[in-house]
Amino acid sequence: MLNYSAGFTSEGWFQNEMFIVLQMKLAGLTRKEIIEKIIENNLFQMRSEAGIRKRFQMVYRRSEAFDTSLAKYYVEGNRLDQKALLLYSYLKTYRFPYDFFMEVIVYNYQKNKPIIQTVEIDYFMERKESESEKVANWRPETKK
């Protein structure tokens, strides 16, 4: 299982960027070839190369959650398919949101509770702080 990381707080949706990366991976390009093409053609439509590299790092890391068939579903699917697969990649990449999804959202869904209360979020956070020194040491802004 993945370690806890606050990296998920800086993640974006990146739906188009994921499409670009997966399309190139399916075409057989290497990681290096993909980043070179993205920078050369400014495919992420960003102002700086440093920004492109940072975003690429996040997107590529999440793209690793897809096997070939899931990558094809993403590239050939509609926007809703892509959004579901983006959530999948996010949950496969980051442990904290995965735990929250499984322990709070799925639990409430199974109990027919359509609303998550603040107290449930607070309780979840307290539990994770007691389980992980890393989570306990997150800044208040990160926890919020």
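User: Let us start with Phe-96. Is Phe-96 buried or exposed?
Analyst: This is a predicted model. In it, Phe-96 has a relative accessibility of 8%. Buried means under 20%, so Phe-96 counts as buried.

User: How many aromatic pairs are there in the whole structure?
Analyst: A search of the whole structure gives eight aromatic pairs. One of them joins Tyr-4 and Phe-96, with ring centres 6.0 Å apart. The planes of these two rings stand at 70°, so the pair is edge-to-face.

User: Where do Tyr-4 and Phe-96 lie along the chain?
Analyst: Tyr-4 belongs to the segment before α1 (15-26), whereas Phe-96 belongs to helix α6. The pair therefore ties together parts that are 92 residues apart in sequence. Tyr-4 is buried, with a relative accessible area of 5%.

User: And what about Phe-56 and Tyr-60, what kind of pair do they form?
Analyst: Phe-56 and Tyr-60 form a tilted aromatic pair, at 5.3 Å centre to centre and with 35° between the planes. Both residues lie in helix α3 (residues 49-63), where they are four residues apart, about one turn of the helix. Phe-56 and Tyr-60 are both buried.

User: Which residues form an aromatic cluster?
Analyst: Tyr-4, Phe-96, Phe-100, Phe-124 and Trp-138 form one aromatic cluster.

User: Changing topic: what is the volume of the largest pocket?
Analyst: The volume of the largest pocket is about 310 Å³. It is lined by 17 residues, and the closest to its centre are Phe-8, Phe-96, Phe-100, Ile-121 and Phe-124.

User: Which elements give two or more residues to that lining?
Analyst: These elements are α5 (79-93), α6 (95-110), α7 (118-131) and α9 (140-143). Helix α6 gives the most to the lining, with five residues.

User: How do the lining residues divide into nonpolar, polar and charged?
Analyst: In the lining of the largest pocket, 13 residues are nonpolar, two are polar and two are charged.

User: Now Asp-99. Where is it, and is it buried or exposed?
Analyst: Asp-99 is placed in helix α6. Its relative accessible area is 7%, so Asp-99 is buried.

User: What is Asp-99 in contact with, beyond its neighbours in sequence?
Analyst: Leaving aside neighbours within four places in sequence, Asp-99 is in contact with Tyr-4, Val-104, Phe-124 and Lys-128. The side chains of Asp-99 and Lys-128 are also joined by a polar contact of 3.3 Å.

User: Could we look at Ile-20 as well? Which helix is it in?
Analyst: Ile-20 is in helix α1. With 16% relative accessibility, Ile-20 counts as buried. Apart from neighbours within four places in sequence, Ile-20 is in contact with Ile-38, Leu-43 and Phe-44.

User: How far apart are the C-alpha atoms of Ile-20 and Ile-34?
Analyst: The C-alpha atoms of Ile-20 and Ile-34 are separated by 9.0 Å, and the two residues are 14 residues apart along the chain.

User: Finally, the whole chain. How many helices and strands are there?
Analyst: The protein chain has nine helices and zero strands. Its C-alpha atoms fill a box of roughly 50 × 35 × 25 Å along the principal axes.

User: What percentage of the residues counts as buried?
Analyst: Of the 144 residues of the protein chain, 36% count as buried. As for contacts with a separation of 6 or more, 62% of them are between residues 24 or more positions apart.

Note on methods. Residues numbered from 1 in each chain as written. Predicted model: local features only at pLDDT ≥ 70, side-chain atom pairs only at ≥ 80, totals over all residues. Heavy atoms only, no water. 1 Å grid on protein atoms, 1.4 Å probe; cavity = no way out; pocket = protein on both sides within 12 Å on 5 of 7 lines; lining within 4 Å. Points joined across faces, edges and corners; volume = space filled by probe spheres on them. Nonpolar A, V, L, I, M, F, W, Y, C, P; charged D, E, K, R; others polar. Buried < 20%, exposed > 50% of the residue type's maximum accessible area, 1.4 Å probe, protein only. Polar contact = N/O pair within 3.5 Å; in protein donor to acceptor, adjacent residues only side chain to side chain. Contact = heavy atoms within 4.5 Å. Phe/Tyr/Trp six-rings, centres within 6.5 Å; stacked < 30°, edge-to-face > 60°.
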